[in-house]
Amino acid sequence: MRETVIFVLAITALSWIPYQINAGTSSFYRKEPITQILFILDGSGSMKAGWEGTTRFEIAKRLLVQTIDSIEKANQNVRFALRVFGHQYPKSENNCKDSKLEVAFAANNADKIRRKLDLVHPQGWTPIAYSIFNSMNDFPILNQGGVHNIIILITDGVENCEGDPCAIGEELLKRGIVLKPFIIGLGMDMEDIAKFDCVGQFYDAADREAFANTLDIVVSQALHNTTAQVNLLDDYGNPTQTNVEMTFYNAFTDEIEYNFVHTMISPGVPDTIPINPVGKYNLVVHTIPPTFKYNIELTPGRHNIIPVDVPQGILSISMDRFAGSEEFQCLIRQAGSPQTLTLQDINSKQNYLVGSYDIEVLTLPRVRYYNVELSQSTTQEINIPKPGKLNLNSRSAVVASIFSDIEGIFEKVIEFEPLHGRTSVNLQPGNYVLVYREVGSYESASSESKKFIIRSGAISNIEF
Amino acid sequence: MKKNIRHITSLVFNILSILTIMGVAGHRVVAQTTIRSEYEKTRILLLLDGSQSMFRDWETSTRMNVAKAAITDILDSVGGNENTYFALRVYGHQSPENIRDCKDTKLEVPFSSGNIERIKSRLKTIRPRGTTPIAYSLEKSATDFPKDPASRNIIILITDGIESCDGDPCAVSLALQKKNIFIKPFIIGIGLSTDYTRKMECIGSYYNAKRERDFKIILMNIVEIALSSTSAQVSLLDQQGKPTETDVNMTFYDQFSGLIRYNFYHTLNQRGMPDTFFIDPVNKYDITIHTTPEIRIREVEIFHNKHNDIRTNAAQGNLQMELRGITMKDHVHGRIKCLVRKAGGDEIIYVQDFNTSYKYLVGKYDLEILTLPRIIMKDVDVSQTKTTIIQIPGPGLVSVIRKYAGYGAIFIETEDGYEKIYTLNENSITELLAMQPGKYHIVFRSKNAKQTRQTIEKTFIVNSNVSVSVKL
């Protein structure tokens, strides 16, 4: 008995579990997820071995059918399927592709599975990796919201074909199926236990009772996982916002735990995020400006919704192309605040939280827009007039400055080094004054000034 | 640039050669003040109250007679000046008081050369009669002056009462000053209680003639101020208190109307001292010295009987900004710019390009350098004695390459965690960025990846003036 080893390898394949919630006037509603559990049962020769008066295979078969029966009576949202390996060809044939989906997913399969199992005789080899790999095709609805897919592997030995269960694990990961296995065994060689280290969690089952208990635990864990999704809510309270980076911090240590880009499976349906259910988190959603949510704790055994208010609007700043086109930068600030929030390039669009912003464009002179309102899902267009060109030609060396004339107040725009000969500069449309005096002149009174107007896209010339 | 280039209205400027200063209270007027103006004509409109109250007695005679005598004397002494012209408008003298004619005003003698005798004889015939429409008369005065941008237009209002029709003389005065019709009017009040001083002061410069003999003195004083151009200099002091700073533009605003009166470059004369220039003492000025940041001197009063030295601290120093190391030729964002603010201040006073040097007033400044990420430097000291050099490492060039377009951002790690410094363009698969040396993190998910767990995280290091490629 003590040499008998039963390993129960439960590989949990996690998929998406979206919840849709009532949100006031929205049309979302609560839906229970469907769980699909595929049992992969070892039908190799070693399962013929005796155990508590009968064979290992018999015990496994009876417990399996019992478990399935009781769950199906209690929960209509769980479906089962059965794949068996190593049962179609005798050991002598060394068939490493001996794996078959015996019963496909459907409701109320318990009877069908029992009848099928009656016809199975354990006899051949143990292609674990190959079976797991092929089981992917057993799931009819793999990539859909509202479906929870699980694989539970029951085996009494290690891989004796050429496959590598660990590598298969990685393959599944790439396809978005997480390997979270439970292994149950008794008196197994340390060497063999080690082989399953990379595959998952090890459990020992000394006898039939231990096996039954372990099976219960595994199935229960599979059906009641703790998961979470982040709902980024717009101004109307609907989870429409997405495609923004999020950072999860450990609320106790302030260490960064996860970085994700928020994803939707389909419109209004955020993806489940793979985070450790144990722990408290502080979340930063990297909107501009960022949004914070503190002390997030997940309720175990259920799917958690983490709602965060991130109503956003779009700011589009544009300028018509002009000769000698310069790429101006725009300073964006929250309305009334002197602190630079971010820089936005001209001719670009950027999302911001709904609110009022001040924009200062680094043209010459700088152009300012105050209290620009951004509201949910609307694009605020700011079009900045393109500058005009001023050509200056000074016959002698002068100290000179250009002032913008705004309602009779002079504001300095440019001070020249001094100026001699030709120079040109791009200025925003408006009224200006050029004031100059010959370098080396001893009289203030020799200062001269010229008023001029710059028009968008046009050239003005001043000779003096 | 020949000297006869005409300035446009608000930039009138002149140089006087001879100025004779008259004493004020207690002296008798000395004959013939010679004031010559090379460029400017001065037109003085005498706006005389002809209302009934001017009939009242005043010490030796009636109010009206005292006024007439004083005006006649002044015209005799100053009327002969070239470039000085007079005109006479009267109000309240045509209709009797009981009619309350609020349009009772007439330009009795218009501006022209050689009209002094005519003014004197017309004065003799004016009889005080009616009401006091000051505002309406001021309005009408606008048309008495010909359009001549090179002349100074002055109104001297002589009144013994306040507005008795429904007008607002203050509003009219301000409006006409803003339109540059005339500069701030002078007002001589006869027998007005001090309660009315406020009402009068808002129209212009107000003088109250309490005694008969005060009237003539005040009138002469006004005419003198009106005709004179007063000498002044602006001393821009360095840190040793010496007026060595120069070559900066200054704008003089009329403190009353807000109009620009003068705009010129500060200059040092042959002796290295601030140059003397001539301006109207008529107004108080708000002066802006166009250093960076600006210096604003408010309500500078100019005295016409002395040389005015307007002194202010304007010590300046240089702030030089440069990139360390061999800089790359093709900068992704053109020149790097730096926002300069006064230490602790909110307003951006200047945006300086890197690899340039610029002059600022001595003091402390906060710099915000627009690199990626931005660099903040606080309390940067600018002093007169040495150039302050701000150096930052030249940026490295980062190519962010991905197979498919998607969503993500670049972060730096601060003590508060991840701070986003750049949002990746969701429509492109390569981006070229100039970034400061340091360690950065990218978080990214391609558009066709449908799961959160397909988020990619990468860390990369940027070195100064080196290109690095980040593949997602």
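Modeller: Let us begin with a rule: two cysteines are said to form a disulfide when their sulfur atoms lie within 2.5 Å. Please keep in mind that this is a predicted model.

Colleague: What makes B:C170 and B:C202 a disulfide?

Modeller: Their sulfur atoms are 1.6 Å apart, and since the limit is within 2.5 Å, the pair B:C170 and B:C202 is called a disulfide. B:C170 sits in helix α4 of chain B, while B:C202 is in the loop between α5 (197-201) and β8 (205-209), so the bond ties together parts that are 32 residues apart in sequence.

Colleague: Why is B:C170 called buried, and why is B:C202 called partly exposed?

Modeller: Buried means a relative accessible area under 20%, and exposed means over 50%, with partly exposed in between. B:C170 has 19%, so this residue counts as buried, whereas B:C202 has 29% and therefore counts as partly exposed.

Colleague: What is the handedness of the link between B:C102 and B:C165?

Modeller: The angle about the S-S bond is -95°, and this link is left-handed.

Colleague: What makes A:C96 and A:C161 a disulfide in chain A?

Modeller: Here the distance from S to S is 2.0 Å, and with the limit at within 2.5 Å, A:C96 and A:C161 are counted as joined by a disulfide. A:C96 is in the loop between β6 (78-85) and β7 (99-106), and A:C161 is in the loop between β8 (147-155) and α4 (165-174), so the pair ties together parts 65 residues apart in sequence.

Colleague: How many disulfides does the rule give over all chains?

Modeller: The count comes to 3 disulfides.

Colleague: Why is A:L374 called buried?

Modeller: Its relative accessible area is 1%, and because buried means under 20%, A:L374 is placed in that class. A:L374 belongs to strand β26 (residues 367-374) of chain A, and among the residues that A:L374 touches are A:I314, A:Y352 and A:Q380.

Note on methods: Residues are numbered from 1 along each chain as its sequence is written. Chains are lettered from A and ligands numbered from 1 in the order in which they are written. This is a predicted model: local features need pLDDT of at least 70, side-chain atom pairs count only at pLDDT 80 or more; totals for chains, interfaces and linings use all residues. Side-chain values use heavy atoms; hydrogens and water are left out. Helices (H or I, at least four residues) and strands (E, at least two) are DSSP runs, numbered from the N terminus. Buried means under 20% relative accessible area, exposed over 50%, partly exposed in between (1.4 Å probe, protein chains only). Contact means heavy atoms within 4.5 Å. Lists of a residue's contacts leave out its neighbours within four places in sequence.
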